[in-house]
Amino acid sequence: MPIDNSIVHQIHKKPDGQPASLSLRDSELTNSEALEQLLAGLIEAYNSKPNKAWGYFQPESGAYPFSGWLQQLVDGEQDFIGFSRQSTEQLKTLMEGSNLALGGHVLYIRYRQGMTAFLIIALLHHTEGVTVTDSLEVASARHLDLSSLNMAARINLTEWKQNAQSTKYISFIRGRSGKRVSDYFRDFIGCIEGANPEEETTTLLQAFSDYVGEADYQPETLRNKTKAMSGYVNSQARQGEQVALEELSGVIDEEKPRAFYDYIRNKDYGLSPEIPADKRTLSNFMRFYGKANGLSISFEAHLLGEQVEYDEGQDSLVIKHPPKGLVQQLRNKKSR
């Protein structure tokens with residue numbers, strides 16, 4: 001992924017209500033193998049986050065100036081250093097309004113993936129670790145903790161400029177519930193939440209269930225189509241890409257590549273041609289699970305009717321060919 005511009009600044013702030021301060025860099029970062037590794041690790045960590053939201057810019061205003069600064073950058077009226085410094089000063093101001101906000105290093109990277117240009121902004125923190133030195137000594141090692149990434153946003157610059165009606169060119173990490181400590185970061189970007197990944201994925205899965213249900217496929221065919229669908233959606237989610245319904249349709253049925261796509265359009269499920277995917281919603285769709293009174297059961301959905309059978313009249317579950325490890329435990333228990 002070619003890197004066009006990158007820079008890092010630092011906001012000094014503790015969650016104690018005290019004023020924040022800045023350390024601003026005067027020049028862009030030099031492209032290096034370390035920077036490329038950082039970008040790759042950051043994107044991997046970002047894509048793996050399940051609690052992301054998608055949206056679009058608020059109208060530019062004094063409360064939401066970021067999109068205007070970004071417009072100046074894209075139009076060549078502002079350089080990357082000036083844009084990043086101005087933006088970081090705005091983030092610091094908003095941070096000061098949140099007593100729980102913690103400072104850190106603010107990383108800006110503008111890069112390209114194929115023909116698409118992106119800007120990713122992340123608030124990074126360090127963690128302490130250990131390493132073995134060249135002299136075979138064990139020593140402390142401080143490094144960026146990408147595993148705990150919880151404030152970051154990615155803007156699809158190409159879609160923003162080429163599709164003015166889009167409501168999904170920004171994605172950002174959001175809080176899980178209640179009053180979000182990271183609300184100020186969303187307001188810093190000036191993002192209005194548009195598409196809801198959980199709701200869109202749920203609607204897509206309902207459409208798929210209706211489609212295969214009406215087609216009345218044989219069990220083997222149904223398993224193959226379900227596997228193809230889930231594989232594609234999971235792959236897109238892992239890469240941080242949206243699910244293209246027309247492409248998904250071709251994956252589900254190579255002989256009739258538009259069949260599922262036309263079905264969705266004709267039934268009017270209200271889905272856009274591309275939707276963000278939610279891995280957790282897909283995972284729940286692909287499995288049955290239950291837990292009560294010391295009993296916990298979980299199995300993949302395609303096993304129902306074959307390896308697993310449910311008798312509604314007897315309210316019983318029959319499991320054929322249970323795992324060998326479980327069988328051995330039961331035999332050992334019985335022989336005592």
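Predicted model: local features only at pLDDT ≥ 70, side-chain atom pairs only at ≥ 80, totals over all residues.
Let me begin with the helix pairs, taking helix 2, residues 66-74, and helix 3, residues 80-96, whose axes come within 10 Å and cross at roughly 175 degrees. Because an angle over 145 degrees counts as roughly antiparallel, helix 2 is described as roughly antiparallel to helix 3. On the helix 2 side the contact is made by Phe66, Trp69, Leu70 and Leu73, and on the helix 3 side by Phe80, Phe83, Gln86, Ser87 and Gln90, which by class gives six nonpolar, three polar and no charged residues. The buried residues of helix 2 include Phe66, Trp69, Leu70 and Leu73, and Ser67 and Gly68 are buried as well. As a general point, an α-helix has 3.6 residues a turn, so residues three or four places apart point the same way. Just after helix 2, glycine 76 takes a positive phi of about 80 degrees.

Leu245, Glu246, Leu248, Ser249 and Ile252 of helix 8 meet Ala259, Phe260, Tyr261, Ile264 and Arg265 of helix 9, a set with seven nonpolar, one polar and two charged residues.

Helix 6, residues 197-215, packs with helix 9 at an angle of about 110 degrees, the axes being 10 Å apart, and this pair is therefore roughly perpendicular. Here the contributors from helix 6 are Leu204, Ala207, Phe208, Asp210, Tyr211 and Glu214, while helix 9 brings Ala259, Phe260, Tyr263, Ile264 and Lys267; the residues divide into eight nonpolar, no polar and three charged.

What about empty space inside the model? Rolling a probe the size of a water molecule over the atoms shows where such space is left. The structure holds one cavity of 30 Å³ or more, and the largest cavity has a volume of about 140 Å³. Its lining is made up of Asn47, Lys49, Pro50, Lys52, Trp54, Pro197, Ala237, Gly240, Glu241, Ala277, Asp278 and Lys279, that is, five nonpolar, two polar and five charged residues.

I will finish with two backbone details in loops. Most residues other than glycine have a negative phi, yet leucine 136 has a positive phi of about 65 degrees. Leucine 136 sits in the loop between strand 6, residues 126-132, and strand 7, residues 138-144, and, with a relative accessibility of 70%, it counts as exposed. Aspartate 315, likewise not a glycine, has a positive phi of about 50 degrees, and is found in the loop between strand 15, residues 308-311, and strand 16, residues 316-319. Aspartate 315 counts as exposed too, at 59% relative accessibility.

Notes:
Residues numbered from 1 in each chain as written. Heavy atoms only, no water. Axes fitted to C-alpha atoms, helices over the stretch in contact; angles between N-to-C directions. Helix = DSSP H or I, 4+ residues; strand = E, 2+ residues; numbered from the N terminus. Parallel < 35°, antiparallel > 145°, perpendicular 65-115°, else oblique. Contact = heavy atoms within 4.5 Å. Nonpolar A, V, L, I, M, F, W, Y, C, P; charged D, E, K, R; others polar. 1 Å grid on protein atoms, 1.4 Å probe; cavity = no way out; pocket = protein on both sides within 12 Å on 5 of 7 lines; lining within 4 Å. Points joined across faces, edges and corners; volume = space filled by probe spheres on them. Buried < 20%, exposed > 50% of the residue type's maximum accessible area, 1.4 Å probe, protein only.
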